[in-house]
Number of protein chains: 2
Amino acid sequence: MRNDPGRLRFEITNVDGGARAGLLHTAHGPVSTPAFIPLATRGAVRTLTASEVAHMGFELILGNTFHLFLSPGAERVAELGGLHGFMGWERAIVTDSGGFQVFSLAHGNVADEIKGRRGGSGSGGGVIEIGERGVAFRSYLDGSKRFMGPEESMTVQAALGSDIALVFDECTPYHADRDYTARSTERTHRWLDRCLAWHEANGPLSQAVFGIVQGGVHDDLRRESAEWVAAAAVDGLAIGGTLGRDKSEMHGVLALTAPMLPREAPKHLLGIGEPDDLLAGIELGIDVFDCAVPTRLARHGMALAPLPDSRFRFDVDRAALARDERPLVEGCPCPACAAHTRAYLHYLARAEPANAGRLLTLHNLTFLERLVSGAREAIGAGGYTAYKEAILGGAAPWGAVATPY
Amino acid sequence: MRNDPGRLRFEITNVDGGARAGLLHTAHGPVSTPAFIPLATRGAVRTLTASEVAHMGFELILGNTFHLFLSPGAERVAELGGLHGFMGWERAIVTDSGGFQVFSLAHGNVADEIKGRRGGSGSGGGVIEIGERGVAFRSYLDGSKRFMGPEESMTVQAALGSDIALVFDECTPYHADRDYTARSTERTHRWLDRCLAWHEANGPLSQAVFGIVQGGVHDDLRRESAEWVAAAAVDGLAIGGTLGRDKSEMHGVLALTAPMLPREAPKHLLGIGEPDDLLAGIELGIDVFDCAVPTRLARHGMALAPLPDSRFRFDVDRAALARDERPLVEGCPCPACAAHTRAYLHYLARAEPANAGRLLTLHNLTFLERLVSGAREAIGAGGYTAYKEAILGGAAPWGAVATPY
């Protein structure tokens, strides 16, 4: 671990069992943790403006190095004020490394696979060659040949000007065997060192770098990786790669891995963010979470709701809703719940899907923001276990938060 | 003309040449005129919430009888609080009659044709039969046989609970010959009488009814129609049907038709709303305008701008914008112009079209709202001609309006 408060200071303000609340002091202001990070993959949270995202209370968003590298290009974003200026977002930004996406081209849809669902097409996607130096691939936009390795990823992230950069890694999928995962994790470690060397020589002074712990579902590989990354000059740690085939295995691997990481380090659990996963991660000392689920669910007509028996999901398309005059989720302060009935949202999902998708995006992000802000309050009051159990028992996460917007 | 201030009172507050400013007092509050009416075709302005539309300053929106009749159905909307309650809009609503849409099924895309561009496929679309009683057609949603005539249209509009209903008419296309237009206009007059009879016996007491003047591009037919409609017990008049092949013919037909209508009547020019058309219509005493152009342009990456030589359109897709750090339109108070650069909007139009379409919708509606509020101010100050000439010369419509939102 590096310790440079000039580029990132993590202040743990409250501890409650394994959970903690804190403040991540970035170059673009503090981020209260535990935090959920909305995805601004292509420089925008889909259907929302930057000011709406800030208004909901989010202090940190995630931009995508791979997509922004291909369009509009890192130099263009740098010219236009960096990612903050480009998209009009004044708070903190973390950028992923692009590793997840370039390897997705080879592994198939890694997004599904890190949760254990095998989805790869096996066709190799747009990958031309994977080697020690990095990954050569074809752009999905124009078929042009592009290359990304550790130095290229850090160069792009430096140009984007994110507050937190993530090192270039391979996100190992669930279907990879132990041998592949071991070799991949070792290469990821060599890439970590190259990323840090590049950043030390060329990176923006105020940009923090998080290392990524890989190792798949293998306890010993996770331990080796945790030790390697913690020994490096990183400002924080992320947990990447597959954690298992199902929630139970995922929570198990997480329960083994999280305690291997230095207590004082800010910790990012990559790509995980369903309500029960957030609650489990927070209990294990995870500080920030990003996930496509809330926005993707919204596009498919699903609202997050205090329904633990239905994976916290409420299907707006259910025929029974056509005459239901209740709000989508009682008590939720989001614009969808505050102003509209289930019947109207059910109708909109078919008649005006753009409107429905936007309203459900506002709702789902509000739900998760309230879930983590409730967790912060509970940790501060020493009641995190009770809070977690209440949510897992079907309580709404906004009980303690009084101000609607 | 009927004169029942209990269901609609039109107060002319200022006159400036042929133009006038006024207040249309509806059951859901006053509407300052001249006004532009955003389309909430299926019970929502696409990509916007009702509160955003109100926040922009609009006091009247248009709901579509044909679409809401097919889904979710008039009874369902009535059950759910009428169209106001259903969509969460507390201000005034006008509903069109559905005539435009059911005849579109026969005439092809009447939206293009009323401006003279022949677009009909000639296949008859989903129309089964057009007769004196009304139009039988197949639903585009499920192929079911449906019927709409004057009584059906008024029944649906009564259930929707709009503040202003429009009578069921045939919107004659430009390619219709004089003989067809004459016979169609006579039938529209018989339908007007049936609409009023139904409404007198069954309509909501607070719902006003506007008659529609047809007659195509034929001076004598327009005059006959204007006289017929003005003699009926309507609360206001709308001008429908084709006005000509191009802007010049359109403005000519409008200049002949508008003065045929009673001065004291509120006047709605149907389906017309480009900036120069608004300015010409206002000069001729038109009070309200609805048009799909601002929202449709937004979906196609076009912003309204003070560019009279380019039909007031600014193409966000132009390559030169990729590095342009200026706001979309200097001085515009909309969220797109206030927070973002041309370069970002140009990028979003390709990378996140849902976000770009929404921002451009906010912009285009703001542009037209400022255009008509500027006109109201100018009329109040006796300077409408100068205002019109300034806008046609490239002035921005928000000069006089200081408060951004």
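A residue is called buried here if 20 or more other C-beta atoms, placed from the backbone, lie within 10 Å of its own. The buried residues of α11(A) are A:Pro275, A:Asp277, A:Leu278, A:Leu279, A:Ala280, A:Gly281, A:Ile282 and A:Glu283. Just after α11(A), A:Gly285 takes a positive phi of about 90°. Helices (H or I, at least four residues) and strands (E, at least two) are DSSP runs, numbered from the N terminus.

The model is a predicted one, in which local features need pLDDT of at least 70 and side-chain atom pairs count only at pLDDT 80 or more, while totals for chains, interfaces and linings use all residues. Residues are numbered from 1 along each chain as its sequence is written, and chains are lettered from A and ligands numbered from 1 in the order in which they are written.

**Between the domains**

Next, colour chain A by its domain assignment, which gives domain 1 (9-291) and domain 2 (300-392); such bounds come from an automatic or database domain assignment. The centres of the two domains of chain A, taken over C-alpha atoms, are separated by 27 Å. Across the boundary, 25 residues of domain 1 of chain A are in contact with 23 residues of domain 2 of chain A, contact meaning that the C-beta atoms of two residues, placed from the backbone, lie within 7 Å. On the side of domain 1 that touches domain 2 in chain A, two or more residues come from each of β1 (9-16), β2 (19-26), β4 (35-37) and α11 (275-283). The helix where the tour began, α11(A), gives the most to that side, with six residues.

**Two helix pairs**

Now select α8 (residues 178-202) and α9 (residues 219-231) of chain A, whose axes come within 11 Å and cross at roughly 5°. The axes are lines fitted to C-alpha atoms, for helices over the stretch in contact, and angles run from 0 to 180 degrees between N-to-C directions. α8(A) and α9(A) are therefore roughly parallel to each other; angles under 35 degrees count as roughly parallel, over 145 as roughly antiparallel, 65 to 115 as roughly perpendicular and the rest as oblique. To see the contact, show A:Thr181, A:Ala182, A:Thr185, A:His189 and A:Leu192 of α8(A) with A:Leu221, A:Ser225, A:Trp228 and A:Val229 of α9(A).

Move on to α15 (residues 353-380) and α16 (residues 384-392) of chain A, which pack at an angle of about 150° with their axes 8 Å apart. That makes α15(A) roughly antiparallel to α16(A). Here A:Leu371, A:Gly374, A:Ala375, A:Ala378 and A:Ile379 in α15(A) meet A:Tyr384, A:Tyr387 and A:Ile391 in α16(A).

**The partner chain**

Finally, show both chains: 31 residues of chain A are in contact with 31 residues of chain B. At least two residues of the side of chain A that touches chain B are supplied by each of α1 (50-55), α4 (82-87), α13 (335-339), α14 (342-351) and α15 of chain A, and the largest share, five residues, comes from α14(A).

A rotation of 180° with 0.0 Å of shift along its axis superposes chain A on chain B (RMSD 0.0 Å), by least squares on the C-alpha atoms of residues with pLDDT of at least 70 in both. The two copies are thus related as by a two-fold rotation axis. To locate that axis, select A:Ala354, whose C-alpha is the nearest to it in chain A, at 3.7 Å.

Definitions and conventions:
Buried ≥ 20, exposed ≤ 12 C-beta atoms within 10 Å, placed from the backbone.
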